[in-house]
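Dear colleague,

As promised, I am handing over the model that we talked about.

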Amino acid sequence: MNGSDDLVLTGGRIHCPDGMLADGWLSVSGERISGVGTGNPPQGKHIDLNGAHVVPGFVDIHCHGGGGGSFTSADPAEAHTAVRTHRRHGTTTLMASLVSAPPNELIDQMAALAELVTDGELVGIHLEGPFISEARCGAHDPAVLRDPDAEVVEELLKAGRGNIRMVTLAPELAGGIEAVHRFSQDGVIAAVGHTDAVADQVRAAVDAGATVATHLFNGMRPLHHREPGPVGALLDDDRVTVELICDLVHLHPDVVRFAARHAGPSRTVLVTDAMSATDVADGTYRLGGLNVEVKNGVATLPDSGSLAGSTLTMDAAFRNLVHGAGLDIADAVAATATQPARLLGIDGDTGALRTGLLADAVVLDDDLRTLGVLRRGAWVDDRVPKTA
């Protein structure tokens with residue numbers, strides 16, 4: 001789109017890096033934002049938003065699937081289904097998370113996802129395991145867990161062909177600190193999670209290069225006033241970005257608010273940890289090698305009752321942070337777009353509504369429910385918001 005063919009969203013509440021523009025406009029030329037402002041909008045194809053919110057497209061760095069499709073299936077068709085499902089809910093940038101499995105299975109799964117990364121459908125791959133603690137493995141199959149010995153680490157890095165963006169591991173395992181250093185050295189984000197470590201072991205991992213707390217509180221030794229463990233060490237370290245699963249099931253709203261306020265907008269990232277049952281009916285599903293029962297949208301292991309991922313979407317997480325945990329929309333924008341984009345090093349392309357960035361945006365009504373999604377200047381599913 002060029003010149004008078006530019007798309008111009010008018011009459012919206014545009015949430016920009018410097019604050020919200022009431023009765024603002026946002027113009028799009030091709031795949032990118034060509035302008036943001038107030039007052040008289042430029043010429044183009046105008047869509048009057050009648051006061052709807054416009055926020056940056058969501059960036060989800062921890063997602064296992066959705067719409068019945070799983071990233072662990074080694075089936076590209078299932079991966080595409082998951083991507084489309086989350087895109088309808090505003091996730092314009094998505095990282096595929098795998099769960100613990102034998103190295104040869106992980107290699108096959110990464111190979112199946114490689115084309116989606118090359119095509120820009122996925123921003124990369126997250127290995128959640130197998131280098132995690134059996135004591136805190138949650139919905140990971142304990143039979144496939146292992147220490148991060150150097151040979152396996154190198155095998156996975158080689159097979160990943162640069163597509164691995166993040167690895168979650170337990171630093172207390174034999175070779176854990178060395179693995180953190182090696183992954184970081186290769187440009188891979190090292191995340192601490194599914195860990196039974198004490199605080200000193202976690203601090204050693206951060207010193208070695210770990211920069212993310214995988215779904216803080218969940219899958220880790222709990223906070224104790226005489227041994228802060230991973231929660232205390234990660235939450236209180238300015239070098240660490242903390243993931244929060246904001247479905248208000250994994251975490252009580254008060255805990256979400258406490259963690260997000262302590263970490264602040266520059267260190268808080270909302271994630272879905274969504275699995276294949278997201279946006280489809282309750283029933284029995286698979287997460288890696290385990291059966292998962294989904295009832296009333298809550299995914300658990302049938303034997304232990306342990307939470308097994310979520311059926312959360314990012315628009316619901318955004319809404320829950322504001323309406324459930326009581327934070328501001330600006331905090332939600334930072335946690336769902338700006339900070340995860342910065343963490344991945346793609347904030348020069350997305351994560352904010354700013355001239356020159358990709359036209360990734362979500363239009364939300366007064367209740368913060370999705371009316372339409374722009375990805376690279378095109379409406380997802382041709383769903384043009386009608387707010388008048």
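What follows is a description of what was found, going from the whole chain to single residues.

Please keep in mind throughout that this is a predicted model.

**The chain as a whole**

The chain contains 9 helices and 21 strands, and its C-alpha atoms fill a box of roughly 60 × 45 × 40 Å along the principal axes. A compact globule of 388 residues would have a radius of gyration near 21 Å, and the value of 20 Å found for the chain agrees with that. Buried residues account for 57% of the 388 residues.

In soluble globular proteins, nonpolar side chains tend to be buried together. Here the largest nonpolar core has 91 residues, of which Phe71 and Phe318 touch the most other members. Helix α9, residues 329-344, gives this core its largest share, with 7 residues. If its neighbours within four places in sequence are left aside, Phe318 is in contact with Val55, Phe58, Leu270, Ile329, Ala332, Val333, Thr336, Leu364 and Leu368. There is also a second, separate core, which has 17 residues and includes Leu49, Val54, Leu353 and Trp379.

Is strand β1 buried or exposed? Of its 10 residues (7-16), 9 are buried, which means that the strand is largely enclosed by the rest of the structure.

Strands of a sheet pair through backbone hydrogen bonds, either parallel or antiparallel, and both senses occur around this strand. With β2 (residues 19-29), β1 pairs in the antiparallel sense over 7 bridges, and the two form a hairpin with 2 residues between them; within this pairing, Val8 has Ser27 of β2 as its bridge partner. With β4 (residues 45-48), β1 pairs in the parallel sense over 4 bridges, and there Leu9 stands opposite Ile47. The pairing with β5 (residues 53-56) is also parallel and rests on 2 bridges, where Arg13 has His53 as its bridge partner.

**A three-stranded sheet**

Elsewhere, 3 strands form an open antiparallel sheet in the order β16-β17-β18. Its edge strands, each of which pairs on one side only, are β16 (283-287) and β18 (298-300), and the twist averages 35 degrees from one strand to the next. Strand β17 (residues 290-295) pairs with β18 in the antiparallel sense over 3 bridges, and in this pairing Lys295 has Val298 as its bridge partner.

**Helix α5**

The buried residues of helix α5 (residues 199-208) are Ala199, Val202, Ala205, Val206 and Ala208. An α-helix has 3.6 residues a turn, so residues three or four places apart point the same way. The buried residues of α5 pack against α4 (176-185), β12 (189-192) and α6 (229-235), and just after the helix Gly209 takes a positive phi of about 130 degrees.

**Backbone points to look at**

Most residues other than glycine have a negative phi, and most peptide bonds are trans.

- The peptide bond from Gly129 to Pro130 is cis, with omega near 15 degrees, and Pro130 lies in the loop between β10 (124-128) and α3 (150-160).
- Asp23, which is found in strand β2, has a positive phi near 50 degrees although the residue is not a glycine. Its relative accessibility is 56%, and because exposed means over 50%, Asp23 counts as exposed.
- Ala74, in the loop between β8 (69-70) and α1 (76-88), likewise has a positive phi, near 60 degrees. With a relative accessible area of 34%, Ala74 is partly exposed.

With best wishes

Notes: Residues numbered from 1 in each chain as written. Predicted model: local features only at pLDDT ≥ 70, side-chain atom pairs only at ≥ 80, totals over all residues. Heavy atoms only, no water. Core = buried A, V, L, I, M, F, W, Y, C linked by side-chain atoms within 4.5 Å. Buried < 20%, exposed > 50% of the residue type's maximum accessible area, 1.4 Å probe, protein only. Contact = heavy atoms within 4.5 Å. Pairing = 2+ DSSP bridges. Axes fitted to C-alpha atoms, helices over the stretch in contact; angles between N-to-C directions. Rg over C-alpha atoms; globule rule 2.2 N^0.38 Å.
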